[in-house]
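Dear colleague,

Please find below the structure that I am handing over to you, with its sequence.

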Amino acid sequence: MRVLVVGASGFLGTELVRRASAAGWSTAATYCSSRPGDVPGVSWHRLDLRAPAPLDDLLAESAPDAIINATSGQSDWAVTADGSVRVAMAAARHGRRLVHVSSDAVFSGSRICYDESCPPDPVTPYGAAKAAAETAVRLLTPAAAIARTSLIIGDGGSAHERMVHELAAGAREGVLFTDVVRCPVQVEDLAAALLELARSDGSGMFHLAGPDALSRHELGVLIARRDGLDASRLPAGRGEGQSMARDVRLDCRATQARLGTRLRGAREFLQLP
C-alpha cells in the first residue's frame, strides 16, 4: 500500500504517518509552515496548497494508492477550502483514492446531534471553509470518503491538553467552557480509522468521534486527573458571546457499523492508570 498524507506535520498527520510507516506502507508526507517529521523511511515533501502546480508533480512521483488530506489551515480559506479543492482535483486527474478529513465545525449546534446525513450549517469562518471543501470533494471525487471528526486528544500532545496544563499552572489566561460540548476522539483511534478508510472502497460521509459528549471543562478535568494536576485550578466559564457552536455531537453509529476500528470515548481513553 502506498499512501500520501497531506498535512503530515500536524498533530493528526504525524500519527497517520507513524502508523502507516509502522504498518509497512510506502509513505509520502507533506509539510508547509513547520519542519518535516523524523519518521524513518518516510518521503517528505514541502507543499503549499495555495500553489496548484506541485500537486501533480508530487502525485506523479509518489504514485500513491490513496491520499489522506489531513491538512488544517483553520479559517484560512485559501488553505482549508481552496487547498482542499486542489487536492480533490489532483486526485481526480490521477485516479487516486481520496480520504478527506473534515470537522464537526461544519455544524451550528442548532440540532445538537448530527448523523452522517445532516447537511452543513456552519457559524464560523473555519466551519464555512470546511463545509465548502466537503461540497467540492463530493462533486469532484464522488468515490472519496469524507470523515468528519471532533476534538482530537492524544497522550499530552494536543492543543487542548497543553491548554489544560498551562491553565492549571497559571501560565496562561482564559477559561474552559462549561457550555461548549463536543465528542472527543483519541488521535490513535482516529488515525487507525482513517487508514482503514484509505485501504477500503467506502465512499460518502463518515463520522469519526468518540461516544462521550463532554464540555471543554469536563474534558479538562479528566485530563488533569490523568496527568496528576489539580483540577480545581482549572478556571470554568461560559462561551456566551463567543462566535462558535455550543453543543455539537457527532452520531457515529452508522460509521461504526461499517468500520472495524473502534472509537473509544474520552472517559475510557483518559482513565487513570
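Axes here are lines fitted to C-alpha atoms, for helices over the stretch in contact, and angles run from 0 to 180 degrees between N-to-C directions. Please note that this is a predicted model. Two packed helices are described by the angle between their axes and the distance between the axes.

I begin with helices α2 and α4. Helix α2 covers residues 53–62 and helix α4 covers residues 82–94; their axes come within 10 Å and cross at roughly 45°. Because of that angle, α2 is oblique to α4. The crossing of α2 with α4 is right-handed. On the α2 side, the residues in contact are L55, D56, L59 and A60, and they meet R86, V87, A90, A91, R93 and H94 of α4. Sorted by class, this contact has six nonpolar, one polar and three charged residues.

The next pair is α1 and α7. The axes of helix α1 (residues 11–22) and helix α7 (residues 187–198) come within 9 Å, with a crossing angle of roughly 60°. These two helices are therefore oblique to each other, and α1 and α7 cross in a right-handed sense. From α1, the residues F11, L12, E15, L16, R19 and A20 take part, meeting V187, E188, L190, A191, A192, L194 and L195 from α7. The contact of α1 with α7 has 10 nonpolar and three charged residues, and no polar ones.

The remaining pair is α6 and α8. Helix α6 spans residues 159–168 and helix α8 spans residues 216–226; the axes come within 10 Å and cross at roughly 75°. Angles of 65 to 115 degrees count as roughly perpendicular, so α6 is roughly perpendicular to α8. In this contact H160, E161 and V164 of α6 meet R216, L219, G220, I223, A224 and R226 of α8. Its classes are four nonpolar, two polar and three charged residues.

Yours sincerely

Conventions:
Residues numbered from 1 in each chain as written. Predicted model: local features only at pLDDT ≥ 70, side-chain atom pairs only at ≥ 80, totals over all residues. Heavy atoms only, no water. Helix = DSSP H or I, 4+ residues; strand = E, 2+ residues; numbered from the N terminus. Parallel < 35°, antiparallel > 145°, perpendicular 65-115°, else oblique. Left-handed = near helix turned anticlockwise from the far one by under 90°. Contact = heavy atoms within 4.5 Å. Nonpolar A, V, L, I, M, F, W, Y, C, P; charged D, E, K, R; others polar.
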